[in-house]
Amino acid sequence: THKVVWYIVAVIDILLGFRMLLLALGANPNSGFTNLIYALSNPLASPFRGILSKTVTSGAIFDWSIIIAAAVYTLIGFGIVELLQLIKPVSKTEVENTLDKS
């Protein structure tokens, strides 16, 4: 189950990374791909909007709050994985069976 949590965190971080990259490069927001990334990542980025000011130069925007968002989602993922480990710790037998299969 922890792999599922890390997969979800990775998807969120990748979307936020693309958002930050597209903003920093001054990508056309009317482009299909850019519009898709902005639409998918907006709900993830909006709770963090306004924490830090944006750096704007020549049409390119560096949104510092996206870095905070990615860090927070990663920490939340870490917390969920640790909580799952507390609820169902891995037994010695499970570890040995997994190692025997590899």
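A nonpolar patch, as the term is used here, is made of residues with over 30% relative accessible area and no salt bridge, whose nonpolar side chains are joined within 5 Å. In this predicted model, Ile14, Phe18, Leu21, Leu25, Phe33, Leu36 and Leu40 form such a patch on the surface, and together they have about 680 Å² of accessible area. Helix H1 (2-24) and helix H2 are the elements that give two or more residues to the nonpolar patch.

In soluble globular proteins, nonpolar side chains tend to be buried together. In this model the largest nonpolar core has 14 residues, and of these Ile12, Leu16, Leu44, Ala69 and Tyr73 touch the most other members. The elements that give two or more residues to this core are H1, H2 and H3, and H1 gives the most, with five residues. Which residues does Ile12 contact, leaving aside its neighbours within four places in sequence? Ile12 is in contact with Leu44 and Tyr73, and both of these residues are, like Ile12, among the core members that touch the most others.

**Aromatic pairs**

The count of aromatic pairs comes to three. In one of them, the rings of Phe48 and Tyr73 have their centres 5.6 Å apart and their planes at 75°, and because planes over 60 degrees apart count as edge-to-face, this pair is edge-to-face. Phe48 lies in the loop between helix H2 (32-45) and strand E1 (55-57), while Tyr73 lies in helix H3 (residues 64-87), so the pair ties together parts that are 25 residues apart in sequence. Both partners fall below the cut-off of 20% relative accessible area that defines buried residues: Phe48 counts as buried at 12%, and Tyr73 is buried at 16%.

Phe62 and Trp64 form another aromatic pair that is edge-to-face, with 4.4 Å from centre to centre and 70° between the planes. Here Phe62 counts as partly exposed at 25% relative accessibility, and Trp64 counts as partly exposed at 39%.

**Residues brought together across the sequence**

| Residues | Separation in sequence | C-alpha distance |
|---|---|---|
| Phe78 and Val9 | 69 residues | 9.1 Å |
| Thr57 and Leu23 | 34 residues | 11 Å |
| Ala27 and Ile61 | 34 residues | 9.7 Å |

Phe78 lies in helix H3 and is partly exposed, with a relative accessible area of 46%. Thr57 is found in strand E1 and counts as partly exposed at 48% relative accessibility. Ala27 is found in the loop between H1 and H2, and at 22% relative accessibility it counts as partly exposed. Which residues does Ala27 touch, not counting residues up to four places away in sequence? Ala27 touches Leu22, Thr34 and Tyr38.

**Bringing the parts together**

Tyr73 belongs to the core, is in contact with Ile12, and pairs with the ring of Phe48.

Key. Residues numbered from 1 in each chain as written. Predicted model: local features only at pLDDT ≥ 70, side-chain atom pairs only at ≥ 80, totals over all residues. Heavy atoms only, no water. Phe/Tyr/Trp six-rings, centres within 6.5 Å; stacked < 30°, edge-to-face > 60°. Helix = DSSP H or I, 4+ residues; strand = E, 2+ residues; numbered from the N terminus. Buried < 20%, exposed > 50% of the residue type's maximum accessible area, 1.4 Å probe, protein only. Patch = residues over 30% accessible without salt bridge, like charges linked within 9 Å, V, L, I, M, F, W, Y side chains within 5 Å. Areas by Shrake-Rupley, 256 points an atom, 1.4 Å probe, with all protein chains shown as cover. Salt bridge = Lys/Arg side-chain N within 4 Å of Asp/Glu carboxyl O. Core = buried A, V, L, I, M, F, W, Y, C linked by side-chain atoms within 4.5 Å. Contact = heavy atoms within 4.5 Å.
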